[in-house]
2 protein chains.
Amino acid sequence: MEVCRTIESVRDMVGKARGEGKRIGLAPTMGALHIGHVSLLRRAAEECDFVVVSIFVNPTQFGPGEDFDNYPRPFDRDLDICRKSGVDIVFAPTAGIMYPDENLTWVEVEKLTEPLCGMSRTGHFRGVTTVCAKLFNIVLPDAAYFGLKDAQQAAVIKKMVADLNMALEIVVCPTVREANGLAVSSRNKYLSETQREEASKIYASLLKCEELIAGGETNSSKIVRQMREILDEIAGGEVEYVEIVDAGTLAKVETVKGSVLAAVALKLGRARLIDNIVCRIIQPEAQ
Amino acid sequence: MEVCRTIESVRDMVGKARGEGKRIGLAPTMGALHIGHVSLLRRAAEECDFVVVSIFVNPTQFGPGEDFDNYPRPFDRDLDICRKSGVDIVFAPTAGIMYPDENLTWVEVEKLTEPLCGMSRTGHFRGVTTVCAKLFNIVLPDAAYFGLKDAQQAAVIKKMVADLNMALEIVVCPTVREANGLAVSSRNKYLSETQREEASKIYASLLKCEELIAGGETNSSKIVRQMREILDEIAGGEVEYVEIVDAGTLAKVETVKGSVLAAVALKLGRARLIDNIVCRIIQPEAQ
């Protein structure tokens with residue numbers, strides 16, 4: 001495994017692999033790798049011949065007052081994980097490499113970025129799409145791997161790739177959970193043991209949603225109310241949103257039909273946690 | 001020469017050429033090709049082994065009330081010109097091919113798009129950068145060719161390519177002029193014979209600027225005043241802007257130093273004409 005610090009070196013190495021006819025996979029990460037990331041790396045290693053992982057805590061996707069400075073950066077541990085997961089190149093640039101001059105160019109996706117996390121994290125998705133566009137242009141992968149835990153991010157990136165005719169496939173991998181159901185996230189490090197246990201109620205609220213929909217409930221307000229009852233039990237938790245949206249457009253739905261995404265964001269101690277579940281309902285045909 | 005109507009077909013053919021180790025050149029155009037375009041195609045054919053020309057009147061770069069509907073589309077004549085200029089592929093998609101779904105993704109360049117044409121043509125550069133990003137992603141050229149007549153466009157696209165780490169070179173070719181000095185443009189078709197003659201005063205005003213700067217004048221306001229005197233003589237002309245800006249940042253300069261761009265936009269009859277000249281001044285060293 002090679003660690004590349006410059007754009008030229010990663011381009012050279014990937015170019016060689018491409019020249020050998022290898023399929024290139026990229027997993028863009030901010031490091032602090034956990035079993036969720038490992039599932040992406042394994043999937044990439046299964047489907048591709050050459051796997052690139054980028055590790056870059058991207059400043060442009062953090063807002064003022066967010067955790068850019070405190071975001072965990074256990075670099076040597078990350079390299080170990082990559083080595084054991086079949087990674088060929090770790091691309092670990094500095095901010096000066098990624099943004100050498102004043103960055104004036106932004107890739108923005110409208111509409112999909114407005115609800116859910118877009119409501120509170122102004123500019124976040126603009127930072128994500130811009131840095132992903134840069135990474136895609138540097139690596140030119142055949143496929144890039146993202147986690148479904150960040151469902152809105154995955155939808156936004158898929159739309160960017162389609163709209164801008166980027167020649168790669170976006171692969172979205174299932175959310176990996178701890179034994180108690182808590183979605184694995186680098187930000188779980190901010191939680192105490194007790195908070196981690198409390199936070200498992202987020203998944204409980206999503207399972208409640210799934211259960212209600214499976215039972216025929218289609219009224220979003222009613223479902224959200226019951227989810228919120230569970231979330232309100234989280235000691236010290238502060239719900240940012242609980243919403244049921246169309247899984248494609250991310251627009252709020254009043255009546256559940258087709259595929260919906262139930263999504264939750266909640267502040268707990270120093271952490272802002274997000275999670276979601278996709279529920280599909282097959283409507284009985286109107287007679 | 002092949003005419004490709006779909007993204008898949010142009011990707012296939014360019015992919016084959018790339019596989020043969022050929023250097024790929026792209027000239028993105030809106031058709032209505034003239035000797036200015038021909039100079040781009042010839043330069044591309046000189047520097048590359050495989051030349052792609054896109055012909056696409058891009059709706060997203062026209063504002064309301066602009067000339068999208070009336071923009072000339074002499075397609076068969078364009079193909080003849082391409083054939084004679086060493087072009088390998090003409091990529092001529094419909095709007096439905098380029099924007100199959102609701103387009104939600106925009107590439108925007110800040111600051112450089114605000115002065116000059118950005119003042120009156122809201123959203124124009126956003127449309128240009130977005131469609132160029134799409135074309136670059138479809139063709140993946142080694143070099144793309146633009147004309148210096150659209151100096152602001154060239155600066156904006158260069159910045160986009162640098163900021164987003166697009167792996168291509170932007171080549172900016174000199175403005176081609178009619179015998180009387182008028183910059184060649186598809187929109188000159190909107191002019192009568194008399195207007196065409198009057199419009200030559202635009203270049204006269206730029207030459208006056210060059211002459212003044214060569215003579216040691218560094219006061220932008222004074223230079224602009226003398227340029228405007230010439231432009232005001234254009235019968236039926238309406239000056240939109242006359243400005244002296246830094247050639248790199250496009251910010252207004254009060255005192256000429258280094259490389260400056262003198263830029264003019266003027267409405268004449270049905271046409272909106274732009275032109276510019278780059279002047280370099282070597283400042284005497286302060287003692």
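Start by selecting β5(B): this strand is mostly covered, with four of its five residues buried. Buried here takes 20 or more other C-beta atoms within 10 Å of a residue's own, exposed takes 12 or fewer, and partly exposed is in between, with C-beta atoms placed from the backbone. Strands are DSSP runs of E of at least two residues, helices are runs of H or I of at least four, and both are numbered from the N terminus.

A word on what you are looking at: this is a predicted model, in which local features need pLDDT of at least 70 and side-chain atom pairs count only at pLDDT 80 or more, while totals for chains, interfaces and linings use all residues. Residues are numbered from 1 along each chain as its sequence is written, and chains are lettered from A and ligands numbered from 1 in the order in which they are written.

**Next stop: the strand across the way**

Pick Thr105(A) and you'll find Val109(B) standing opposite. Which residue is the bridge partner of Val107(A) in β5(B)? It is Val107(B).

Superpose chain B on chain A: a rotation of 180° with 0.0 Å of shift along its axis does it, at an RMSD of 0.0 Å. That is the relation of a two-fold axis. Keep Val107(B) selected, as its C-alpha is the one in chain B nearest the axis, 2.3 Å from it. The superposition is by least squares on the C-alpha atoms of residues with pLDDT of at least 70 in both copies.

**Widen to the whole contact**

Select the interface next: 22 residues from chain B and 22 residues from chain A. Contact means that C-beta atoms, placed from the backbone, lie within 7 Å. On the chain B side, β5 (105–109), α6 (124–139) and α7 (151–163) each supply at least two residues, and β5(B) gives the largest share, five residues. Colour that side by type and you get twelve nonpolar, four polar and six charged. In this scheme Ala, Val, Leu, Ile, Met, Phe, Trp, Tyr, Cys and Pro are nonpolar, Asp, Glu, Lys and Arg are charged, and the others, Gly among them, are polar. Since 100% of the interface residues of chain B are also interface residues in chain A, the copies meet through the same surface. For the complex, the predictor gives an ipTM of 0.95 and a pTM of 0.96.

**Zoom out to chain A**

Show chain A on its own: there are nine helices and ten strands. The C-alpha trace spans about 55 × 50 × 35 Å along its principal axes, and buried residues make up 43% of the 287 residues. Colour by pLDDT, the predictor's confidence in each residue from 0 to 100: the mean for chain A is 96, and 98% of its residues reach 70 or more.

**Last stop: a loop**

Finish at Val253(A), in the loop between β8 (237–246) and β9 (258–268). Is Val253(A) buried or partly exposed? Val253(A) has 17 C-beta neighbours inside 10 Å, so it counts as partly exposed. Not counting residues up to four places away in sequence, Val253(A) touches Ser220(A), Ile244(A), Val245(A), Asp246(A) and Val260(A).

Key:
Two residues are in contact if their C-beta atoms, placed from the backbone, lie within 7 Å. Two strands pair if DSSP finds at least two bridges between them.
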